[in-house]
Amino acid sequence: MSKPIWWKEANVYQIWPASYKDSNGDGVGDIPGIISTLDYVKSLGIDVIWLSPMYDSPQDDMGYDISDYENVYSKYGTLEDMEQLIKETHGRGMKLILDLVINHTSVEHAWFKESRSSKSNPKRDWYIWKPPKYDKDGNRQPPNNWGSYFSGSTWKYDELTDEYYLHLFAESQPDLNWENAETREAIYKSAVSFWLDKGIDGFRIDTAGMYSKVQSFEDAPIVFPDVEFQPCKLYHQHGPRIHEFHKELVEKIISKYDVMTVGEVGHSTRDQSLKYVSEEEKEMNMMFLFDVVEVGADPADRFRYKGYNLVDFKKAIQSQGSFIEGTSAWSTVFIENHDQPRSISRFGNDSPEFRVQSGKALALLQATLTGTEFIYQGQEIGMINLPKEWPLDEYLDINTINYVKSFKEKYGKEPNYEEKLAELKGNINLLARDNARSPVQWTSGSQAGFTSGKPWMRVNDTYKEINVESQVNDPDSLFTFWKAALKLRKEHKDVFIYGNFTILDIQNDQLFTFLKTSGDKTTYIVINFSTKPAHFTPLKEGKFNLLLSNVKEGSLDEANLGPYEARAYIVS
Ligand code: TEU
């Protein structure tokens with residue numbers, strides 16, 4: 001049995017500041033707004049808050065493009081506000097972790113400004129600069145065919161010095177050169193120590209598998225023959241020196257503090273994952289894998305969709321969570337974050353009839369899985385995706401905007417363009433990051449109580465039905481159910497937080513039935529993931545005591561489950 005460590009047992013709540021709570025009417029969420037809701041967050045059963053980037057930034061990628069690690073984006077507040085937030089969070093017995101974005105900075109960062117200024121600048125080598133290539137007609141080309149996560153090439157030409165710089169994400173997010181020891185030291189000091197010394201309790205580490213690039217910078221294999229730039233993960237994910245870099249960061253800085261770290265690694269095999277999160281490796285405490293959130297999606301193309309089914313969902317949960325069994329490693333449980341659509345729309349059913357019921361089923365599932373629990377703002381009240389009828393110009397994420405732009409460039413002249421665009425629009429509505437980024441729905445009043453001004457992003461039309469105010473005191477609400485589920489998780493932490501996981505019906509595409517066990521303690525979870533009633537065959541042996549269910553007790557029928565009905569039993 002693992003040692004009871006605080007970060008293993010924590011329920012973590014992610015706050016994405018722009019859309020959380022605005023206190024001054026400028027239409028953008030802010031730190032005083034967050035402080036005003038801390039009692040609410042605490043009342044849900046939260047132990048740790050993960051705050052997405054609040055650093056100074058031109059906001060091309062909503063703060064994941066940092067221009068100053070040691071300052072706060074002025075619309076969010078000040079350094080004093082952050083100090084107050086740390087104090088108020090601690091004062092309520094909670095902890096605060098920040099987002100550590102150190103694969104890249106903004107082009108507005110002083111380091112990049114210097115680096116770009118001349119080839120001989122001492123900081124030139126802090127970023128990754130390469131000379132152009134020329135084709136047979138003498139046209140200038142990028143150094144290789146790598147495609148960016150946000151469409152187009154990963155290379156941006158800079159006239160000033162006639163070289164290209166590398167950016168795995170947006171053009172305005174140049175990749176730092178981790179090969180340079182001086183750069184690493186500067187990152188540790190400015191982005192890491194600065195905030196640990198202010199008393200924060202750890203980090204969610206952005207793009208944690210990408211710092212080490214294969215230094216040959218050769219062309220990637222052609223995966224999509226019809227496009228110019230190709231997926232290039234092979235050359236920057238789990239690169240040759242990645243573990244050396246993480247070990248150095250921990251040894252030099254992180255290990256001096258009692259803090260937690262969770263790395264966003266995304267795609268990795270069991271063996272690769274264990275290198276980051278096994279206790280003896282001393283790299284990070286746990287990681288986010290994308291198996292579950294990418295069920296049905298195409299990891300190589302953000303808006304290609306292959307279709308979701310429950311069997312794949314179960315397999316993804318199995319591989320994402322169970323890789324730690326029998327090892328010293330630890331894992332995470334999450335189905336939403338700021339990069340993903342809303343889970344009820346994606347894995348449940350967001351129609352008025354089944355929205356709450358399927359939300360409770362997902363909550364019960366998430367609360368009974370092994371690992372540290374992560375909940376994203378608005379998930380606790382069952383916020384759903386943006387309305388299908390909204391036009392594309394309501395989507396403000398650079399990832400969506402760039403994709404649509406290159407799609408138009410590529411297919412705009414084809415006769416069936418409108419048809420293709422309609423299909424893309426459907427996939428955008430289902431998968432876009434924008435779905436998670438609309439303002440939190442606090443009340444049924446003007447702008448959902450998010451702001452007294454004009455919100456930077458349109459409030460989801462559902463705010464009258466889905467909001468915090470109507471749920472906090474309603475015993476049947478999703479919020480109240482989440483509270484009960486998180487409490488139960490702690491009461492039976494041996495099985496739910498730490499236990500072994502066995503799926504009993506992997507091929508069943510309607511029901512999800514599994515055991516969580518620890519020593520001789522067994523819990524049995526049955527969930528109907530469909531709009532139709534389902535029959536299930538209870539385990540033959542043992543006496544079942546119901547721990548939690550999303551239907552009123554009187555209507556429990558031993559072997560039949562209503563639509564999206566979910567139950568957790570303890571077996572004796
Ligand atoms: O995301 C990194 C990441 O792995 C991407 O593939 C992510 O899944 C992408 O947004 C999907 O299209 C992190 C942050 O979570 C994201 O918000 C940032 O945009 C990105 O890094 C760059 O900092």
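Me: What makes Asp 61, Tyr 64 and Phe 169 residues that surround the ligand?
Reply: In this predicted model, a residue counts as near a molecule if its C-beta atom, placed from the backbone, lies within 6 Å of it. The ligand is surrounded by 14 residues, and Asp 61, Tyr 64, Phe 169, Arg 302 and Asp 339 are the closest.

Me: How do you know how many residues of the shell are charged, polar or nonpolar?
Reply: Asp, Glu, Lys and Arg count as charged, and Gly is among those that count as polar. By these classes the shell around the ligand has six charged, four polar and four nonpolar residues.

Me: Why are strand 5 and strand 11 called paired?
Reply: Pairing requires at least two bridges between two strands. Strand 5 (residues 95-100) and strand 11 (residues 202-205) are joined by three bridges, so they pair. The two strands run parallel. Leu 100 has Ile 205 in strand 11 as its bridge partner.

Me: What makes strand 13 and strand 16 edge strands?
Reply: The open sheet has eight strands with parallel pairing, in the order 13-12-11-5-2-1-17-16. Strand 13 (286-289) and strand 16 (332-333) each pair on one side only, and are its edge strands.

Me: Which domains are assigned, and how far apart are the C-alpha centres of domain 2 and domain 3?
Reply: The domain assignment gives domain 1 as 6-105 + 181-385 + 465-479, domain 2 as 110-166 and domain 3 as 500-571. The C-alpha centres of domain 2 and domain 3 are 56 Å apart.

Me: How do you know what confidence the predictor gives the protein?
Reply: On a scale from 0 to 100, the protein's pLDDT averages 96, and 99% of the residues score at least 70. The model has an ipTM of 0.96 and a pTM of 0.97.

Technical notes: Residues numbered from 1 in each chain as written. Predicted model: local features only at pLDDT ≥ 70, side-chain atom pairs only at ≥ 80, totals over all residues. Helix = DSSP H or I, 4+ residues; strand = E, 2+ residues; numbered from the N terminus. Domains from an automatic or database assignment.
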